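Subject: Structure handover

Hello,

Here is the structure for your files. My notes on it follow below.

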Amino acid sequence: MRLNQNKYCKSPIVFIIGLFFMHQFSFAQRDLKLFEIPDSISRIRTWSAAGVSTIGTSTVLGVLSKEWYGDYPTVPFHFFNDNNEWLQMDKLGHGIASFYGGYYGYNVLRWAGVKEDKSVYYGGVYGFAFLLATEIMDGVSPAWGASLGDLSANGLGTGLFMAQQLCFHKQIITPKFSYWPTKYSNYRPSLLGDNHWNRWLKDYNGQVYWLSFSLADMKVDSKFFPKWFSLAFGYSGDGMLGGSYNPSFNEQGEELPFFNRQRELYLSVDLNFQNIKTKSAFLNSILRGISFLKFPAPAIRIANKGLQLIPIHY
């Protein structure tokens, strides 16, 4: 999808944050024993989850419609090929958003008493359908267009969640997100962010998307690797001042320095929040909710300049 330089970058991470709060609010509608998964469907929980999800989804879509598309007229549905933009970082964002759409949806449905398999299917469909709605809005906006690359990434994220939950009844491979500020937003703040809040959404240079592998769940020696320990592989891009290329001048006509656009790979360790169990049911719920965040840890970065050890990377 194209980027409007006067709006927030349309980062799918916004969707994950919204789902997190919807997930936590649904789980807050409980008495002392409502942390337990019931044996059958609970009508009170079902109506509670349905109400929160409906209101939350409608609110998020309404805000997105106003903030992202409000300044543009509606045009006939069309596609736009953006697969060469941002070194494909935006596609990874779509994948992780659809994954956690299914993950949060599944957990809320299980809390409501829906059976395992149905929770997986309905939860996965919910995450994909939400992002499909935003893609349709893209498709009828003259500033953007529906993207087959986005749709494919959404499908892969949903498929990763559903396949693992159906086959293993757990998430052995977990997508995660991390961010650290970069210098690039100073050169194009209207596109890459003009404050700390929107830079982590808009500046792909500072984002890293991870796949975190739970070694204990992969049957690696659990005596050596505790259940909460994971090995993480990350991907990022650097030197990007524009989507498919770096412009020579910014919006004010000032000349921009040259930056080499490059891909970066990372190797690090991580915490599997889903496998950390405490005596507090509320805290366990919070840990499940923040599963999309990569834990700060030492990392090795592989880029054009070779290997670099980073003492603490987030």
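A nonpolar core here is a set of buried Ala, Val, Leu, Ile, Met, Phe, Trp, Tyr and Cys residues joined through side-chain atoms within 4.5 Å. Buried means under 20% relative accessible area, exposed over 50%, and partly exposed in between, with a 1.4 Å probe and protein chains only.

The model is predicted, so local features need pLDDT of at least 70 and side-chain atom pairs count only at pLDDT 80 or more, while totals for chains, interfaces and linings use all residues. Residues are numbered from 1 along each chain as its sequence is written, and side-chain values use heavy atoms, with hydrogens and water left out.

Cores

The largest nonpolar core has 27 residues, and those touching the most other members are Trp 86, Met 89, Tyr 100 and Phe 161. At least two residues of this core come from each of helix 3 (89–111), helix 5 (148–168), strand 1 (173–179), helix 6 (189–192) and helix 7 (196–202). Helices (H or I, at least four residues) and strands (E, at least two) are DSSP runs, numbered from the N terminus. Helix 3 contributes the most to this core, with seven residues. A separate second core has six residues, among them Leu 64, Trp 68, Tyr 69 and Trp 144.

Thr 134 lies in helix 4 (residues 116–139). Its relative accessible area is 7%, so Thr 134 counts as buried. Apart from neighbours within four places in sequence, Thr 134 is in contact (heavy atoms within 4.5 Å) with Leu 61, Leu 64 and Tyr 69.

Surface

A nonpolar surface patch is formed by Phe 233, Leu 265, Leu 267, Ile 300, Ile 302, Leu 307 and Leu 309, with about 660 Å² of accessible area together. Patches are made of residues with over 30% relative accessible area and no salt bridge; like charges are joined within 9 Å, and nonpolar side chains (Val, Leu, Ile, Met, Phe, Trp, Tyr) within 5 Å. A salt bridge is a side-chain nitrogen of Lys or Arg within 4 Å of a carboxyl oxygen of Asp or Glu. Accessible areas come from the Shrake-Rupley method with a 1.4 Å probe; for residues, only the protein chains shown count as cover.

Strand 4 (262–271), strand 5 (297–303) and strand 6 (306–313) each give two or more residues to the patch. Leu 265 sits in strand 4 and counts as partly exposed because its relative accessibility is 45%.

Whole chain

The protein chain has eight helices and six strands. Of its 314 residues, 51% are buried.

Regards
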